[in-house]
2 protein chains.
Amino acid sequence: MARRQADPDRPTISRVAAEAGVSRATVSRSFTHPDLLLPATVAKVREVAERLGYVPNQVAQALSTGKAGNIALIVPDIANPFFSALMRGAQAQAYRRGYATFLGDTDETEELEDLLLGKLAVQVDGFVLASPRQDEKRIRVHAARRPLVVINRDLEGIPRVLVDTTVGFAQAVNLLADYGHRTIAYVGGPKSSWSNQQRVRAVEETAAARGLKLVRLDAVRPSHEAGRDAVEKVLRCGATAALAVDDVVAQGLMAGLADRGLSVPADFSLVGCDNVIAATTYPPLTTIDALCAEAGRTAVDLLIDGLSAEPPSERNVIRGELTIRASTGPAPERHAAKKHRSPAKSEPPDVSPSLPNRTER
Amino acid sequence: MARRQADPDRPTISRVAAEAGVSRATVSRSFTHPDLLLPATVAKVREVAERLGYVPNQVAQALSTGKAGNIALIVPDIANPFFSALMRGAQAQAYRRGYATFLGDTDETEELEDLLLGKLAVQVDGFVLASPRQDEKRIRVHAARRPLVVINRDLEGIPRVLVDTTVGFAQAVNLLADYGHRTIAYVGGPKSSWSNQQRVRAVEETAAARGLKLVRLDAVRPSHEAGRDAVEKVLRCGATAALAVDDVVAQGLMAGLADRGLSVPADFSLVGCDNVIAATTYPPLTTIDALCAEAGRTAVDLLIDGLSAEPPSERNVIRGELTIRASTGPAPERHAAKKHRSPAKSEPPDVSPSLPNRTER
DNA sequence: CTGAAAGCGCTTACAG
DNA sequence: CTGAAAGCGCTTACAG
């Protein structure tokens, strides 16, 4: 026998029923299936409910229907701008569709990821799991229990949204090639990251196609520090431009270059990825848009659509493209002589005629 | 009659009871009040539960006990680094203490803030409300309904954690004065912001005490853009240094100065506040630490402590101090001549002997 | 120490 | 169109 009610002032369905002179079933139906009732009945119930400030108790509804009205968003690191932006898009969309959202930060560990997924399960109708660090088997176990959509991991059979930055990275390499750079570096992230893998591949292929020398460096944890620390190696290998796995690393590279008195883009060109902090660095970063907010929004839509209808389409690719700002420019003189085409100094060359190019500051 | 169970595989208390040959009450007590039972009974029940993978359904528990085991965190903008860091600290602490956390982004509007507080109320045991944009009256209504702790708003009678950056801003102004700056600017945030108000005051008082000329500019919405746009006015008034309401605005100022070919700190000194992105700008920002993570953690502790015991202590002040990095330095020559004390060029002067000074890169 | 039973606040098949 | 009743999965005062 429970004697404690959460909020003593909160009217219950029984109070409304008594006040309106109808049964509790009728009050319930006034909100969930008004079409089954006489309009007059609905009107009366609603009037009373309004007056009393009645709002159906979601916890009771959840227990009765098995639908929680909640989703959970699991991310490796809230503080990473990519995930902040993603979360923002996701929670806004969930709210719009009437869902409340739990937040889980896994602190980049697979253990916490697993625990959070387990703990939250009863309280949610489904999960969106961004950039999972867990192994595939465990993810599948969770996906079997609860609807789950994954972001940026390509798991056959699990609904997923993948941000394809392949084209964007190819555009970026082409931009650098057109600017006359002959040796470029790619400063990557963890090998287990799907996003990193596809970026590496795109850079390698395009560099090969354009006859550029490519030096590849890997940061285990993509961070500002890692970027700054990579500068020495990048410079030593003779590169005049670098692409980074994300904007945070690119920003680190910028700091490291500045430490050595090199200026961007005069002495060195830089390209990042994500387009969250890129507009706020100085100089503003040329970057590939990772459509963070859209990825979050899309994942939530897939999840919620799938809850009421058929399981959602499995593989959803959204494509981020190059945004040219001020961190890229012609290769320094001795290299510029060799350049393939000669773009005007003040205007970036066409990257890929078939693709739209947004340029913003 | 509910026919749909959320997770068909999930064992219920009845299944465990049957399997263990005890009543449902005994199963329940094995988890919530094992001290009331024979150790042997508890052991048997736990063994069966373990085997079946039984875990009490939190939703049912919530309905029965009125305790949700959840809290909600309401912030104006997830994507703002200050709030990201705060959320990170808060959700980690909530998790540690066994609570799951809902996330609400109000998009800087008071309407959404009000709606989220209302929608989430049934599902949580309490709220932490960061930098509320709502008027005091509405906040008090919500606080009367549900335990609520506020961050960075000084509301008598409501438990709150206030990050006091007053001392830090005073230290910063002293630093600039010691460096020989005679005219400084403060680029502020919204007038309704408690944090902004206390910062303005600290800057005004210290500037007056040191005989500095202070120019005050206000950005309605503290953003990178706002910072960049403020540069012209700042320069026009003859200031050689500026303090910004936060690091984002300071970073905007840096970009605007760079656009005009001015370098930091040689031509102009800059101080921010928050210490989240400050270490990643170039040059790294001298800033006041706003202890974001600690504020989040403390708020959650207050809230959860207050749930089981007496209402928590009301006014909890934590103090953030100055962190000197590379964006501050001696005033440019014509001013330097007038300077009050003559600190060595390579080392920042003592800010305030009574206070510890952390210097990091 | 343990169980039978009522209750938390809803929803909904079943009658009427 | 509407109500009485059972049920969602727990907890706990009351007996024994």
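In chain A, the domain assignment, automatic or from a database, gives domain 1 (13-56), domain 2 (70-158 + 294-310) and domain 3 (166-292 + 320-336). The C-alpha centres of domain 1 of chain A and domain 2 of chain A are 36 Å apart. This is a predicted model, in which local features need pLDDT of at least 70 and side-chain atom pairs count only at pLDDT 80 or more, while totals for chains, interfaces and linings use all residues. Residues are numbered from 1 along each chain as its sequence is written, and chains are lettered from A and ligands numbered from 1 in the order in which they are written.

Two copies of a chain are related by a rotation about an axis and a shift along it.

Contact between the chains (C-beta atoms, placed from the backbone, within 7 Å) involves 40 residues from chain A and 39 residues from chain B. On the side of chain A that touches chain B, at least two residues each come from helix 4, helix 5 (81-96), strand 2 (100-105), helix 6 (110-120) and helix 11 (247-259). Helices (H or I, at least four residues) and strands (E, at least two) are DSSP runs numbered from the N terminus. Helix 4 of chain A gives the largest share of this side, 7 residues. The same surface serves both copies, since 98% of the contact residues of chain A recur in chain B.

DNA strand C is surrounded by 31 residues, counted as near if the C-beta atom, placed from the backbone, lies within 6 Å. The closest are A:Ile13, A:Ala25, A:Ser28, A:Asn57 and B:Leu37. Helix 2 (24-32) and helix 4 (58-65) of chain A, with helix 2 (24-32) and helix 4 (58-65) of chain B, are the elements that give two or more residues to this surface.

Within chain B, the axes of helix 2 and helix 3 (residues 39-52) come within 9 Å and cross at roughly 95°; axes are lines fitted to C-alpha atoms, for helices over the stretch in contact, and angles run from 0 to 180 degrees between N-to-C directions. Helix 2 of chain B and helix 3 of chain B are therefore roughly perpendicular (65 to 115 degrees). B:Thr26, B:Val27 and B:Ser30 in helix 2 of chain B meet B:Thr41, B:Val42, B:Val45 and B:Arg46 in helix 3 of chain B.

Methods. Parallel < 35°, antiparallel > 145°, perpendicular 65-115°, else oblique. Contact = placed C-beta atoms within 7 Å.
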